[in-house]
Amino acid sequence: MTLIQSLWLVAPEELLSIAGLILLLVAAWVGDGASRIVAIGGVAALVACGFLVAPALCSSAMGPGYDAFSGQYRADAFAAFAKLLIYAAAAVTLIVAPAFFDRLRAMRAEFTLLVLFAALGMGIMVSAIDLLTLYIGLELNSLSAYVLASFLRTDERSAEAGLKYFVLGALASGILLFGMSLVYGFTGTTSFAGIRAALDGELATGAVFGIVFVLAGLAFKISAAPFHMWTPDVYEGAPTPVTTFFATAPKVAALALTMRVALDAFGTQIGAWQQIVVFASLLSIIIGALGAIGQTNIKRLMAYSSINNVGFMLIGLAAATPAGASAMLVYLAIYLAMTIAGFVVILLLRDADGASVEAIADLAGLSKTRPLLALSMAAVMFSLAGIPPLFGFWGKFVVFQAAVQANLVVLAAIGIAASVIGAFYYLKVVKVMYFDDAANRVQGKGDLAHTAILVVATVIISPLGYLLTLPLGNLANIAAAALFHVA
C-alpha cells in the first residue's frame with residue numbers, strides 16, 4: 001500500500017480535518033456572529049464525508065486490501081456503515097443546536113468545531129485495527145466531548161456534567177490503557193491481526209486480565225452497566241443538543257469499536273470475553289429498566305433508556321456470529337432514529353418564555369394542547385419499548401433471533417422478560433400525555449428544521465419503517481461480513 005493509496009483511504013478524516021481548520025479560522029476572524037455559517041459548513045462537510053464512505057459499503061469493501069498506513073487503519077464496509085450513522089447524527093446535532101443556544105444567547109462557533117473534531121475521532125475509532133490508532137481516536141473524541149458537556153459555562157448543571165464526565169472518562173481511559181499495555185505485554189504487538197494470532201491457543205492469565213480491562217474501559221464509553229454511573233447526570237446536565245449528540249454518534253462509535261475489538265482482535269478467544277459481555281448485557285438491561293421507573297426528568301429517563309438499549313444490543317455481540325453482528329448493527333441504526341426523534345421532541349418542549357420543559361409531570365395533557373408533538377413522543381416511547389408494529393420491535397426481534405441461533409436461549413428469554421419490565425416507564429410517559437389533566441406548560445413553537453427532522457425520524461420508527469428492513473438488513477450483513485473477514 002503506497003502513501004497515496006493510504007491517503008485516499010483516509011479521505012473522510014482528511015476532509016473533516018481540513019474543514020475543521022478552515023472553519024476554525026473563520027470563527028477566529030469573524031467571531032460568534034459566524035456561528036450559523038460555520039454550522040452550515042460543518043453540515044456540508046459531514047454530508048460530503050458520507051458520500052466518500054458510502055462506496056466502501058456498497059461495494060462490500062473488506063480485508064487487508066483496504067488497510068492504510070501499514071495496518072493502522074481499515075476503510076472497510078463495517079467502518080463505512082458506522083461512519084454513515086455517525087455523520088448523520090453529528091449533522092442532525094448541528095442542525096438543531098443553533099435554535100436552542102440562540103434562545104440562551106450562548107451559541108458560539110466553537111460548538112460546530114467540537115462536533116466536527118469529535119466526529120473525526122469517532123471515524124478513526126471505527127476504522128482502527130491497531131491499539132495505538134484506537135486510543136488516538138478515542139481520546140480525540142473524548143477531549144471534544146468533555147468540553148461539549150460543559151458548553152454552557154454559566155449553567156451549574158452543565159459545568160457539573162462536564163466535570164463528572166471528565167473525571168470518570170479519565171478513569172476509564174486509564175483502565176483501557178492499562179488493559180492495552182497488558183495485551184501488548186503478552187502478545188508482543190498492538191496490531192489487531194497480530195493480537196488475534198498471538199491469542200490463538202491457550203490463554204495466559206495476564207492476557208485474560210488485559211482483555212477484561214480493555215472491555216471494562218470500552219464498557220464505560222458505551223455506558224454499559226456497571227460502568228453507567230455517569231450517564232444520567234451527564235445527560236441531564238449537558239445542554240440538550242449536546243445530550244442528543246452523546247446519545248447517538250459517540251454511542252455508535254463506541255459500540256462499533258467494541259465489536260471490532262471483541263470479534264477481530266480477541267476473535268480467537270470468544271470464550272474469554274463472551275461471559276463478560278453476557279453479564280454486562282443482562283446488568284444493563286435490568287439496571288436500565290429499574291433505574292428509569294422512578295425518574296421524573298425526561299432526559300434522565302432517556303439516559304436509563306440508553307443503558308437499557310445498550311444491554312439489548314450487547315446480546316447481538318454475545319452471539320459472536322455474523323448474524324449477531326448484523327443484528328446489532330440493525331438495532332443500532334433503528335436506535336439512532338428513535339433517539340433523534342426523542343431528543344428533538346425534548347428540544348421542542350418549551351414554555352411560553354422559551355425555557356426548556358424537562359419534568360415528565362409537565363407533559364400532562366400534551367395530547368390536548370400539542371397533539372402532533374404528543375403523537376411523535378408516543379411513537380418514540382412505544383418504539384423504544386419494542387411494541388409492534390413500531391420499528392423498534394424489529395431491532396429487538398433480530399438480536400433475540402441471533403441469540404437463539406447461537407444457542408443463547410436463556411439470555412434471549414431473560415432479555416424478553418426484562419423488555420416487558422422496561423415497557424412500564426415508557427408507557428408511563430404516554431399515560432401522562434394522554435390521560436392526565438393538561439398542565440399547559442408546553443407552549444413554545446418549533447421551527448422548520450426541528451419539524452422536518454422530527455417528521456423524518458418519526459416516519460422511520462413508524463410501521464412504514466418496515467419498508468427499510470430489506471435494504472437495512474442487506475447493508476448490515478455486508479458490514480458484518482467485513483468484520484468477520486480474516487485474510
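A cavity is a set of grid points where a 1.4 Å probe fits but cannot get out, and its lining residues have an atom within 4 Å of a point. In the second largest cavity of this predicted model, the lining is formed by Tyr165, Lys221, Trp230, Phe246, Pro250 and Lys251. Sorted by class, these comprise four nonpolar and two charged residues, with no polar residue. The space in this second largest cavity amounts to about 40 Å³.

In total, three cavities of 30 Å³ or more were found in the model. The largest cavity has a volume of about 80 Å³. Its lining consists of Met125, Leu138, Asn141, Ser142, Ala145, Tyr165, Lys221, Pro250 and Ala254. Six of these lining residues are nonpolar, two are polar and one is charged. At least two lining residues come from each of helix 6 (131-149) and helix 12 (249-265). The greatest contribution to the lining of the largest cavity is that of helix 6, which provides four residues. Tyr165, Lys221 and Pro250 line both the largest cavity and the second largest cavity.

Helix packing was examined next. In general, two packed helices are described by the angle between their axes and the distance between the axes. Helix 12 also packs against helix 4 (residues 77-103), their axes coming within 8 Å and crossing at roughly 165°. Because angles over 145 degrees count as roughly antiparallel, helix 4 is described as roughly antiparallel to helix 12. The crossing of this pair is left-handed. On the side of helix 4, the contact involves Phe78, Ala79, Ala82, Leu85, Ile86 and Ala89, while helix 12 contributes Ala249, Val252, Ala253, Ala256, Met259 and Arg260. By class, the contact of helix 4 with helix 12 contains 11 nonpolar residues and one charged residue, and no polar residue.

The crossing of helix 15 and helix 20 is left-handed. Helix 15 takes part through Ala337, Met338, Ile340, Ala341, Val344, Val345, Leu347 and Leu348, which meet His450, Ile453, Leu454, Ala457, Ile460 and Ile461 of helix 20. In this contact of helix 15 with helix 20, 13 residues are nonpolar and one is polar, and no residue is charged.

Notes. Residues are numbered from 1 along each chain as its sequence is written. This is a predicted model: local features need pLDDT of at least 70, side-chain atom pairs count only at pLDDT 80 or more; totals for chains, interfaces and linings use all residues. Side-chain values use heavy atoms; hydrogens and water are left out. On a 1 Å grid over the protein atoms alone, a cavity is a set of points where a 1.4 Å probe fits but cannot get out, and a pocket is an open set with protein on both sides within 12 Å along at least five of seven lines; lining residues have an atom within 4 Å of a point. Grid points are joined across faces, edges and corners, and a volume is the space filled by probe spheres set on the points. Ala, Val, Leu, Ile, Met, Phe, Trp, Tyr, Cys and Pro count as nonpolar, Asp, Glu, Lys and Arg as charged, and the others, Gly among them, as polar. Axes are lines fitted to C-alpha atoms, for helices over the stretch in contact, and angles run from 0 to 180 degrees between N-to-C directions. Angles under 35 degrees count as roughly parallel, over 145 as roughly antiparallel, 65 to 115 as roughly perpendicular and the rest as oblique. A crossing is left-handed if the near helix is turned anticlockwise from the far one by less than a right angle, and right-handed if clockwise. Contact means heavy atoms within 4.5 Å.
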